[in-house]
Amino acid sequence: MAGTMTITVRGGRSIAAGLVFLAANTAVSAAIGAAIAAVGSLLPHEVGLVVAAVVCALYLTLFIGRARVPFIPWPRQLPPTWIDRSRPRLTALRYGAVWGLTFATPVRAGSLLVLAALAVWTSSPVFGAIVFAIVGVVRSVPVAAAPFRPPDDSEINAWRRTAWPRRLAVYADVSVLTVVATFLAQGGGGV
Amino acid sequence: MPVSIPGTARALVRLGLVLGIVAASAAVPPDSLTGAAGYGIGVALAVAAGLGSGTSP
């Protein structure tokens with residue numbers, strides 16, 4: 001979807017559409033984080049920590065053994081009928097809002113699941129909103145910055161087609177999950 | 001001529017990477033997730049989650 005969205009924004013080189021996408025994604029993502037944390041107050045205190053520990057163990061085991069992390073291919077991409085090339089800002093708003101739901105697109109990163117688990121554990125809507133807003137910003141900045149890139153950015157495009165972007169994302173994911181696992185094993189989750 | 005590294009060796013390298021991060025993390029005194037460390041870990045998780053889920057399937 002990022003590629004589709006980038007093309008859409010690039011259609012008019014619309015800076016406004018990129019900013020709308022960034023704002024919608026971040027706002028909705030923050031709301032989702034706050035909602036997850038609020039739901040956490042209804043659950044037993046340890047649920048979040050247990051889920052975080054299980055996800056860390058699963059991802060790290062699969063990374064070491066198979067050099068890959070689980071990929072949940074659900075749901076599919078957003079409908080292409082949502083693309084209205086004559087109204088890039090509306091398109092950006094639609095895609096940004098749905099992408100901001102965070103879990104409405106395929107989940108590749110264990111960090112996202114652990115982040116939700118920790119938001120449940122803290123039961124702090126402020127914590128949930130802040131960290132999920134960061135997720136939204138990081139996810140949407142490449143799309144929002146697309147109008148500022150040269151139209152013929154062949155070197156970056158060629159690099160993006162390699163396995164390196166995905167590989168680096170996996171290593172970042174695994175590194176942070178390892179830190180969290182160590183933290184939990186040390187009893188860092190204790191209050 | 002490219003050198004082929006056996007799968008087992010690569011798995012050991014990945015294990016070494018994970019254990020290295022564990023050792024580095026363990027050197028930091030544990031703190032509560034509700035404190036500054038919690039926010040630090042939360043931000044790191046958020047960045048990794050954004051990077052990991054930001055590309056098109």
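This is a predicted model: local features need pLDDT of at least 70, side-chain atom pairs count only at pLDDT 80 or more; totals for chains, interfaces and linings use all residues.
**View 1. Ala11(B) sits in helix α1 of chain B.** With a relative accessible area of 17%, Ala11(B) is buried, since the cut-off for buried is under 20%. Follow chain B along by 14 residues and you get to Ser25(B); the C-alpha atoms of Ala11(B) and Ser25(B) are separated by 21 Å.

**View 2. Helix α1 of chain B has a buried side and a face turned away from it.** The helix covers residues 7–26, 20 residues in total. From first C-alpha to last α1(B) reaches 28 Å, close to the 28 Å expected at 1.5 Å a residue. Which residues of α1(B) are buried? They are Ala11(B), Arg14(B), Val18(B), Ile21(B) and Ser25(B). These residues cover an arc of only 85° around the axis, so they end up on the same side of α1(B). The spacing makes sense: an α-helix has 3.6 residues a turn, so residues three or four places apart point the same way. Look at the face turned away from the buried side and you'll find the exposed residues Thr8(B), Leu12(B) and Val13(B). As for what covers the buried residues of α1(B), that includes α3 (47–66) and α8 of chain A.

**View 3. In chain A, α3(A) and α8(A) cross at roughly 130°.** Their axes come within 9 Å. The crossing is left-handed. On the α3(A) side, the residues that meet α8(A) are Leu49(A), Ala52(A), Ala53(A), Cys56(A), Tyr59(A), Leu60(A) and Phe63(A). Among their partners in α8(A) are Val170(A), Tyr171(A), Leu177(A), Ala181(A) and Leu184(A).

**View 4. Leu184(A) lies in helix α8 (residues 164–185) of chain A.** Is Leu184(A) buried or exposed? At 19% relative accessibility, it counts as buried. Cys56(A) is 128 residues away along the chain, but the C-alpha atoms of Leu184(A) and Cys56(A) are separated by 9.9 Å.

**View 5. Helix α4(A) has 12 residues.** At 1.5 Å a residue these should span 16 Å, and the end C-alpha atoms are 16 Å apart, which agrees. The buried residues of α4(A) include Pro88(A), Tyr95(A), Gly96(A) and Trp99(A).

**View 6. Thr102(A) and Ser123(A) both have positive phi.** Thr102(A) is in the loop between α4 (88–99) and α5 (110–122) of chain A. Its phi is about 70°, although Thr102(A) is not a glycine. Thr102(A) is also buried, with a relative accessible area of 2%. Moving on, Ser123(A) is in the loop between α5 and α6 (125–144) of chain A. Phi of Ser123(A) is near 55°, again a positive value in a residue other than glycine. Ser123(A) counts as partly exposed at 24% relative accessibility.

**View 7. Helix α5(A) packs against helix α2 (residues 36–52) of chain B.** The angle is about 145° and the axes are 8 Å apart. α5(A) passes α2(B) in a left-handed crossing. From α5(A), the contact is made by Ser111(A), Leu112(A), Val114(A), Leu115(A) and Leu118(A). From α2(B) come Ile41(B), Gly42(B), Leu45(B), Ala46(B), Ala48(B) and Ala49(B).

Notes:
Residues are numbered from 1 along each chain as its sequence is written. Chains are lettered from A and ligands numbered from 1 in the order in which they are written. Side-chain values use heavy atoms; hydrogens and water are left out. Helices (H or I, at least four residues) and strands (E, at least two) are DSSP runs, numbered from the N terminus. Buried means under 20% relative accessible area, exposed over 50%, partly exposed in between (1.4 Å probe, protein chains only). The expected span of a helix is 1.5 Å times one less than its number of residues. The arc is that of the directions from the helix axis to the C-beta atoms. Contact means heavy atoms within 4.5 Å. Axes are lines fitted to C-alpha atoms, for helices over the stretch in contact, and angles run from 0 to 180 degrees between N-to-C directions. A crossing is left-handed if the near helix is turned anticlockwise from the far one by less than a right angle, and right-handed if clockwise.
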